[in-house]
Amino acid sequence: MKLAFFPGCSAKSSAEYAISALQLMKKLGIDVFCSDFNCCGTHIVEEYNRDIWLALNARNLSIAEEEGADIVTICPACYQNLKKAAILLEDESVRRNVNGVLASVGRKYEGGVSVYHVLEIVKEFAGEISVNSNLRVAAYYGCQILRPPEIGIDNAENPSIFEDFLKKVGFKLVKFKAKSDCCGGTLLLSNPEGFKSRSKSILDEAKKSGADCVATLCPLCQFSLEIVQNGIEVLPFTSLIVQNL
Amino acid sequence: MKCYQCGTCTADCTSANVNDGFNPRRMMLEYLEEGKLSELCWLCASCFKCYRCPKNVKPYEVMAEMRAEYIKMGKVPAYVKAFVETVKDYGELDETAFFIKLAKAGMIMDVSVILSTVRKRGVKAFALPKKSGCAKEVSKIFAVIERSFKDSLRDESRDEEGVKRPLVSGVPA
């Protein structure tokens, strides 16, 4: 399998997540490469102009297609936007319209590129990863990797994919009640105090659960939790693995 | 309307938890039955917890529709405008460019956010804005679509040479 790596804009603030995700995938022998991707637009561009949002995502999908690759991203928001667009672009008439726009930048999308979150990829290699660590980990999903349910990678109400994977590679997991609560990171600009109280409640819950650290899988969650840190370490899950191999 | 007013969406809402008056059940009812918009829609956290709805109503989508309505009217919070313009000009959300646009609009980031960014990124936190390699293609995509859809948000004041004007105007106080 050939994979185009889509770090997403938030990866700049969580560079260690992007770097460790690449390291881990390369270590596992996965054929992954970087490319000239644009911003997924997020719901902000989608609401501003849905056609632009779709065309921006189609451009990204067309780049992967040109390389005969699927896309792997570390960011659940990018995952959601790319996947939603990929589903819409399976419709031939939608694709025809969008290709009319892509033609202006010399590109074309034929369809069929799959979009994955990095967890979905590396979990298939769980048997080949073995960590040397006694850390008790709170696995934190956040929102957009699970919801909306038709896009999410596991059961939105009772997910286990993340804990199952971390257990398999050798970590001890704690029962973490706040695992799929929202960190409030999207309120960072509109209501900073509200955002901080949400993020803080997640870390407080992690402390109560007896965890030594929190594993994240979203760059924005990582950024948000670090801002309100309460002494408990917060790490992207790929960094946690790479550091303990 | 399918909604039977059980309030599940509101009981579990991230934003209702931290924003006074944010009540998705009531906001949806007033919008769908009376067409009443609420500026609180900008405070939705996009966490999709409201998709727990037993009647399979999607409150998030109603919030998104309200936001799109405001955008059509040109009533857009400064950060939304800055976000769209940054992506349009830089191809990605270049953080420095975004923060400068925010500051120009009078929006200063929370101190703890700035400190955390500096702590993490070190000197890179002060990097100059830099266009991504795809910036030209992205700007072109914006331009082509904005020109071709009359009902989109095309700025009517844009002149023949395509001189740049603000994408959207009328930022609410």
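Q: How far apart are the centres of domain 1 and domain 2 of chain A?
A: 24 Å, taken over C-alpha atoms. The domain bounds come from an automatic or database domain assignment. This is a predicted model: local features need pLDDT of at least 70, side-chain atom pairs count only at pLDDT 80 or more, and totals for chains, interfaces and linings use all residues. Residues are numbered from 1 along each chain as its sequence is written, chains are lettered from A and ligands numbered from 1 in the order in which they are written, and side-chain values use heavy atoms, with hydrogens and water left out.

Q: Where do the two domains of chain A run?
A: Domain 1 covers 2-120 and domain 2 covers 129-243. Their contact (heavy atoms within 4.5 Å) takes 24 residues from domain 1 of chain A and 22 residues from domain 2 of chain A.

Q: What area is buried between those domains of chain A?
A: About 2000 Å², with carbon and sulfur atoms giving 75%. Buried area is the accessible area (1.4 Å probe) that two parts lose on being put together, summed over both.

Q: How many salt bridges cross between domain 1 and domain 2 of chain A?
A: Zero by the rule. That rule asks for a side-chain nitrogen of Lys or Arg within 4 Å of a carboxyl oxygen of Asp or Glu.

Q: Which helix gives the largest share of the domain 1 side in chain A?
A: α4(A), with seven residues. Helices here are DSSP runs (H or I, at least four residues), numbered from the N terminus.

Q: New topic. How many salt bridges cross between chain A and chain B?
A: Six. One pairs the side chains of A:E150 and B:K58, at 3.7 Å, N to O.

Q: And how many residues of each chain are in contact there?
A: 55 of chain A and 59 of chain B. The area buried between the chains is about 4800 Å², and carbon and sulfur atoms give 63% of that.

Q: Which three residues of chain A supply more of its buried area than any other three?
A: A:E47, A:Y48 and A:L189. They supply 16% of the area that chain A buries against chain B.

Q: How many aromatic pairs are there over all chains?
A: Eleven. Rings of Phe, Tyr and Trp (its six-membered ring) pair if their centres lie within 6.5 Å; planes under 30 degrees apart count as stacked, over 60 as edge-to-face and the rest as tilted. A:F162 and A:F237 form an edge-to-face pair, 5.4 Å centre to centre with 85 degrees between the planes.

Q: Where do A:F162 and A:F237 sit?
A: A:F162 is in helix α7 (residues 161-169) and A:F237 in helix α10 (residues 237-243), both of chain A. They are 75 residues apart.

Terms used
Helix = DSSP H or I, 4+ residues; strand = E, 2+ residues; numbered from the N terminus.
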